[in-house]
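User: I have a model open and would like to learn how to read its features one at a time. Can you take me through it?

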Amino acid sequence: MTEITLNLEPSVALFYIRIAQSAGIPLEQVLTDALFKLAGELSLEALKSAE
């Protein structure tokens, strides 16, 4: 895996920390899942625009 460093606003970090705590999973997994979902949504949007 490639390690990436993200700088988040304190309120954004707190939001994802609370989600991670609520779900009982590591913060890194929450952020990975959120970024993966966003990438998929942006890809679908780009494909729609290309039509």
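Analyst: We will go through a helix, a salt bridge, a surface patch and a ring pair. Keep in mind that this is a predicted model.

User: Let us begin with helix 1. How many residues does helix 1 have, and how far does helix 1 reach?

Analyst: A helix can be checked by comparing its reach with the span expected at 1.5 Å a residue. Helix 1 covers residues 10-23, which is 14 residues, and reaches 20 Å from its first C-alpha to its last. That is close to the expected 20 Å.

User: Which residue follows helix 1?

Analyst: Gly24 follows helix 1, and its phi is positive, near 70°.

User: Now the salt bridges. How many are counted, and which side chains meet?

Analyst: For this contact, look for a side-chain nitrogen of Lys or Arg within 4 Å of a carboxyl oxygen of Asp or Glu. The count here comes to one salt bridge. The side chains of Lys37 and Glu41 meet in it, at 3.8 Å from N to O.

User: Where does Glu41 lie, and how are Lys37 and Glu41 placed along the helix?

Analyst: Glu41 lies in helix 2, which spans residues 27-50. Because Lys37 and Glu41 are four residues apart in helix 2, about one helical turn separates them.

User: How far is Glu41 from Ala13 in sequence and in space?

Analyst: Glu41 and Ala13 are 28 residues apart in sequence, and their C-alpha atoms are 22 Å apart in space.

User: Next, the surface. Which residues form the nonpolar patch?

Analyst: The patch consists of Ile4, Leu6, Leu8, Val12, Leu35, Leu38 and Leu42, which together have about 620 Å² of accessible area. Helix 2 gives the most to this patch, with three residues. Leu38 is found in helix 2 and is partly exposed, with a relative accessible area of 42%.

User: Last, the rings. How many aromatic pairs are there, and how are the rings of Phe15 and Tyr16 set?

Analyst: A pair of aromatic rings is described by the distance of the centres and the angle of the planes. The count here is one aromatic pair. The ring centres of Phe15 and Tyr16 are 5.1 Å apart and the planes are at 80°, so the pair is edge-to-face. Tyr16 counts as partly exposed, at 23% relative accessibility.

Definitions and conventions
Residues are numbered from 1 along each chain as its sequence is written. Side-chain values use heavy atoms; hydrogens and water are left out. Helices (H or I, at least four residues) and strands (E, at least two) are DSSP runs, numbered from the N terminus. Patches are made of residues with over 30% relative accessible area and no salt bridge: like charges are joined within 9 Å, nonpolar side chains (Val, Leu, Ile, Met, Phe, Trp, Tyr) within 5 Å. Accessible areas come from the Shrake-Rupley method with a 1.4 Å probe; for residues, only the protein chains shown count as cover. Buried means under 20% relative accessible area, exposed over 50%, partly exposed in between (1.4 Å probe, protein chains only). Rings of Phe, Tyr and Trp (its six-membered ring) pair if their centres lie within 6.5 Å; planes under 30 degrees apart count as stacked, over 60 as edge-to-face and the rest as tilted. The expected span of a helix is 1.5 Å times one less than its number of residues.
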